[in-house]
Amino acid sequence: MSRPLLMIPGPVEVDESVLAAVGQPPLGHTSLAFIDIFGACLDSLREAFCAPDGQPIVAAGSGTLAMELAVANVIEPGERAIVVDTGYFSRRMADVLTRHGAAVEIASAPAGDCPALEQVESALQTGAKVLAITHVDTSTGVLAPVAELAALARQYDALTLVDGVCALGGEEFEMEKWDVDICLTTSQKALAVPAGIAIVVARPRAIEAFNSRRHPVASYYCDWGLWLPVMRAYQARKPSYFATPPTNLIVGLNESVRQILSQGLETRWARHRKLGASMRAAMRALGLKLVPVRSNLIADTLTTVYYPNGIDDALVGRIGQHGVVIAGGLHPDIKGRYFRVGHMGIVSDAEIRQTVAAIEAALKDAGYPVEAGSSVAAAQAAYKQAR
Ligand code: PMP
């Protein structure tokens, strides 16, 4: 039986060349061969984040570990942090900040929306160490205006912390130009590598905040004091050790990021815009409504769609029967009322059409009236037109 197409918002499909890289016999973490690969990988991550002055920190773990690897080092007990609420993962960031002692204020918004800049500004006016933003909240498909929010944070002297888990490598992001201080991601999303690598990039203001801490970092594994010398050693192509890096996965990450950079970031972002436009046009052709409440809030890495009247979350399983794996809802306020389709990494326009055809067929099976082939045609036309 043929393998189903994986169209959830992470883990995502992985290119065969990357899988082959991951599948090579393990290298020792202090071997010359691995030092070269890890050093090159750290250099290219700096490029992929558009952060020439950034320090990447790469460790075994998932995106949640990356969140902690960022927060634990820049927040001290009692310091204020503001969280821009765009869904489930922004609230997770609030939990991580709280766990590390921050006094958290949530600039909240209903599911599908993002708090207004004025709302965030009035929270910043009372002072904060950190403004936390989820670039794309995977629970709602909402894209936050990171550049504008980061400019506000700078105005009020707060560090900008961006969760780029569902964005980095798919959505436009210029860490240095937008003056973001810390950005984190993980391997299994738009970087298109299997799960298991936590990635943080910290720019000078964040490193300075770490260096001037009054309290020790509460987590041993997350302490930048233990990681920074190791990362700097690999960058200088020298052996070093704190905790074993996921060597096979890093070989794969190096290969995937090398491919992304050789395509060019602009090309990569433009392809994701086309994939997003294609999927949205298809959903519109089916008469379905998206979760984000305004067009400027819609991410291109995933599409979040309300079930039409009379259809429930059994649709996800029906779509699976047509060979495509998608995800159900996650935001607690609307869970059970919508589905999510990931289209980041190496997804092709043909795979978007395959997914759309499966959704159309599943809706038909469920008794929803569809005009056969109309959504696939809409997907194809929109892909051609989008820039
Ligand atoms: N942040 C965002 C935006 C995410 O989408 C996810 C995972 N879907 C996480 C954080 C947590 O990542 P992980 O599941 O890899 O721990």
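Q: In which loop is the place of Arg237?
A: This is a predicted model, in which local features need pLDDT of at least 70, side-chain atom pairs count only at pLDDT 80 or more, and totals for chains, interfaces and linings use all residues. Residues are numbered from 1 along each chain as its sequence is written, and side-chain values use heavy atoms, with hydrogens and water left out. Helices (H or I, at least four residues) and strands (E, at least two) are DSSP runs, numbered from the N terminus. On that numbering, Arg237 sits in the loop between helix 8 (224-235) and helix 9.

Q: What is phi of Arg237, positive or negative?
A: Most residues other than glycine have a negative phi. Arg237 is a residue other than glycine, and its phi is near 60 degrees, which is positive.

Q: Where is Asp179 found?
A: Asp179 also deserves a look at its backbone: phi is near 60 degrees, a positive value in a residue other than glycine. Asp179 belongs to the loop between strand 8 (159-163) and strand 9 (182-186).

Q: Which peptide bond is cis, with omega near -5 degrees?
A: Most peptide bonds are trans. Look in the loop between strand 1 (5-6) and helix 1 (16-22), where Pro11 lies. The cis bond runs from Gly10 to Pro11.

Q: Which residues come nearest to the ligand?
A: A residue is near a molecule if one of its heavy atoms lies within 4 Å of it. There are 13 residues around the ligand. Those that come nearest are Ser62, Thr64, Thr138, Asp163 and Lys189.

Q: Why are helix 2 and helix 9 oblique to each other?
A: Axes are lines fitted to C-alpha atoms, for helices over the stretch in contact, and angles run from 0 to 180 degrees between N-to-C directions. Angles under 35 degrees count as roughly parallel, over 145 as roughly antiparallel, 65 to 115 as roughly perpendicular and the rest as oblique. Helix 2 (residues 32-48) and helix 9 (residues 247-263) have axes 9 Å apart. They are oblique because they pack at an angle of about 45 degrees.

Q: How many nonpolar, polar and charged residues does the contact of helix 2 with helix 9 have?
A: Contact means heavy atoms within 4.5 Å, and residues making it include Phe34 and Ile37 of helix 2 and Ile250 and Val251 of helix 9. Ala, Val, Leu, Ile, Met, Phe, Trp, Tyr, Cys and Pro count as nonpolar, Asp, Glu, Lys and Arg as charged, and the others, Gly among them, as polar. The contact has 12 nonpolar, three polar and one charged.

Q: Is the crossing of helix 11 and helix 12 left-handed or right-handed?
A: Helix 11 (residues 314-321) and helix 12 (residues 349-365) pack at about 120 degrees, with axes 8 Å apart. A crossing is left-handed if the near helix is turned anticlockwise from the far one by less than a right angle, and right-handed if clockwise. This crossing is right-handed.

Q: Which residues of helix 4 make the contact with helix 3?
A: The axes of helix 3 (residues 63-74) and helix 4 (residues 88-99) come within 10 Å and cross at roughly 45 degrees. Helix 3 contributes Thr64, Met67, Glu68 and Val71. Helix 4 contributes Phe89, Arg92, Met93, Val96 and Leu97.
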